[in-house]
Amino acid sequence: MELTARKKQILKVVTERYIDSAEPVSSKFIAQSMGGSLSSATIRNELADLVELGYLEQPHTSAGRVPSPKGYRLYVNELMERRSVSDQEAAQINEALGGQMKGLDSMIAQAGQMVSSIVSYPAYAMAAGKSCVTIRRYDLLPVDQDSFIAVVMTGDSRVKSQLLHSQLPVDGQQLPALANLLNTHFTGIPAEELGNKLMGLTGQMAPELFMHLSLAVEYAAEVMDHSARRQVFTTGQTQLLKQPEFQDLGRANNLMSLLTDQKNDLPVLDENTPMQILIGPENVNEALKDASVVVASYDIGDNMRGLIGVVGPTRMDYAAVAARLSYFAESLTKMFGKNNHLPPKEDES
C-alpha cells in the first residue's frame, strides 16, 4: 500500500524525533511539529494506520510511537534528507588523513579508528582483493645441509619467509636454479593450480630437488591462502554502551562479541556497490538484528579496495553517518590515488 504524503510526513517526524531523543514520540509532539494543521484525532488515526501497516511500533499501550525496521527503511530510501559534511567535519577528516603514509595494515586500522571517533559508533575496516592472490617472486636461501629459507612476494607486495626443513640433503649451490624454476612456472597462478604444476614435474628431477621444490610450493600455497583472507580491524566497541538501547549489558553482549571475536562475520559490500545501509533484520547475523550497519568502499589501488563500516543502534542518525562515511571513503580513494602506489603490507610476527 502506497502511503499518503501526510502519513510519510508523520513517519518522518517520528523517526527524526526518535533518533534525537531515544524516547517514544507522542501525538502532542507531532501536532506541534506540524504547526497545528492536524487535529489530535486525525494524528491518532494516522499513527494507528502506520502501526497496523508495520511502519511504527508502540512499545506500551500508553506510550508514544517508535519506528520499526520497515519504517526506518522507508525513511532512508525516501524521506531522509541527504546531507553533506560541514566545513569543520571536512577539515577534521582531511587533517586526520594528512599524516605520513604508513604500512597498509596500519593505515586500514587507523581509518577505522578515525571513523569511530567521527561518528561516535563502533567501526570496522578491512581490505579485500578484487582478484585471487598469486605469488610474484620466489627466492631460496641456503642455511645448512638440512634446511633452507623460502622467501615469497605476493602480488600485493607482501613479503613472507620461512625456514623449511628437508628430509633430504640441501645443496646450497642448486637453490638458485630451483628458485629460477619456481619463478618460471609457479608465479602468477592461483593456489589451486600449484599442485597440478608440481605433479607435472614428477620424475623430471632428482628426488632431493623435487622434495625441496615441494616444500617451497607448499609454503607458497599457505601464504596465498592466508593473504586471501580478509583481515578485519574493529574499534570503538565501548561506544555502544553510551547508547540507551545497549545500557543493558546482556543486550549488548552478543554485539560486542561479534565486534571482538567474530569480526569476519561483519557485512561486506558487493564489488560494485559504493555504500549500503542494512537495518535490523536485514542483517544476516543474529547479533545485528537489533542494530544497523552503514558500510562504504574505497579504492586502494593495485586491484584492491577497502571497506569501512559503522555499527550502531537502528536509531542511528543515518543521514549524518552516511555523509561522513561517504566523504571519508572518497578522501581515502583520492589519498591512495595521489600516492600512486600501494603501501607495503606489514609482515606479521
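Glu89 and Arg324 form a salt bridge, with their closest N and O atoms 2.6 Å apart. (A salt bridge here is a side-chain nitrogen of Lys or Arg within 4 Å of a carboxyl oxygen of Asp or Glu.) Glu89 belongs to helix α5 (residues 87–96) and Arg324 to helix α11, so this pair ties together parts that are 235 residues apart in sequence. Glu89 is buried, with a relative accessible area of 17%, while Arg324 counts as partly exposed at 23%. For these words, buried is under 20% relative accessible area, exposed is over 50% and partly exposed lies in between, using a 1.4 Å probe and protein chains only.

A word on what you are looking at: this is a predicted model, in which local features need pLDDT of at least 70 and side-chain atom pairs count only at pLDDT 80 or more, while totals for chains, interfaces and linings use all residues. Residues are numbered from 1 along each chain as its sequence is written, and side-chain values use heavy atoms, with hydrogens and water left out.

## Salt bridges of helix α1

The count of salt bridges comes to 12. Lys8 pairs with Glu78, their closest N and O atoms being 2.9 Å apart. This one also links distant parts of the chain, as Lys8 sits in helix α1 (residues 5–21) and Glu78 in helix α4 (residues 69–79), 70 residues apart. Lys8 counts as buried at 17% relative accessibility, whereas Glu78 is partly exposed at 46%.

Lys12 and Glu16 make a local pair: both lie in helix α1, four residues apart, or about one turn of the helix. Their closest N and O atoms are 3.2 Å apart. Lys12 is buried, with a relative accessible area of 15%, and Glu16 is partly exposed at 28%.

Helix α1 also holds Lys7, which is part of a salt-bridge network with Arg6, Glu46 and Asp49. Leaving aside residues up to four places away in sequence, Lys7 touches Glu46, Asp49 and Leu50, where contact means heavy atoms within 4.5 Å. Lys7 counts as buried, at 8% relative accessibility.

In soluble globular proteins, nonpolar side chains tend to be buried together. A nonpolar core is taken here as a set of buried Ala, Val, Leu, Ile, Met, Phe, Trp, Tyr and Cys residues joined through side-chain atoms within 4.5 Å. The largest such core has 56 residues, and Ile30, Tyr318, Phe328 and Leu332 touch the most other members. Helix α11 (residues 318–339) gives the largest share of this core, nine residues.

What does Phe328 touch, not counting residues up to four places away in sequence? Its partners are Ile93, Leu97, Ala111, Met114, Val115 and Ile118. A second, separate core has 26 residues, including Ile135, Ala150, Ala179 and Tyr219.

The structure holds one cavity of 30 Å³ or more, and about 30 Å³ of space lies in the largest cavity. On a 1 Å grid over the protein atoms alone, a cavity is a set of points where a 1.4 Å probe fits but cannot get out; a pocket is an open set with protein on both sides within 12 Å along at least five of seven lines, and lining residues have an atom within 4 Å of a point. Grid points are joined across faces, edges and corners, and a volume is the space filled by probe spheres set on the points.

Ile93, Val115, Ile118, Val119, Arg324, Leu325 and Phe328 line the largest cavity. Helices α6 (104–119) and α11 are the elements that give two or more residues to this lining. By class, the lining has six nonpolar, no polar and one charged residues. In this scheme, Ala, Val, Leu, Ile, Met, Phe, Trp, Tyr, Cys and Pro count as nonpolar, Asp, Glu, Lys and Arg as charged, and the others, Gly among them, as polar.

## The second largest pocket

The second largest pocket has a volume of about 370 Å³. Of its 18 lining residues, Tyr18, Val66, Glu245, Arg251 and Thr314 lie nearest its centre. Strand β2 (66–67) and helix α4 each supply at least two residues of the lining, which by class has nine nonpolar, three polar and six charged residues.
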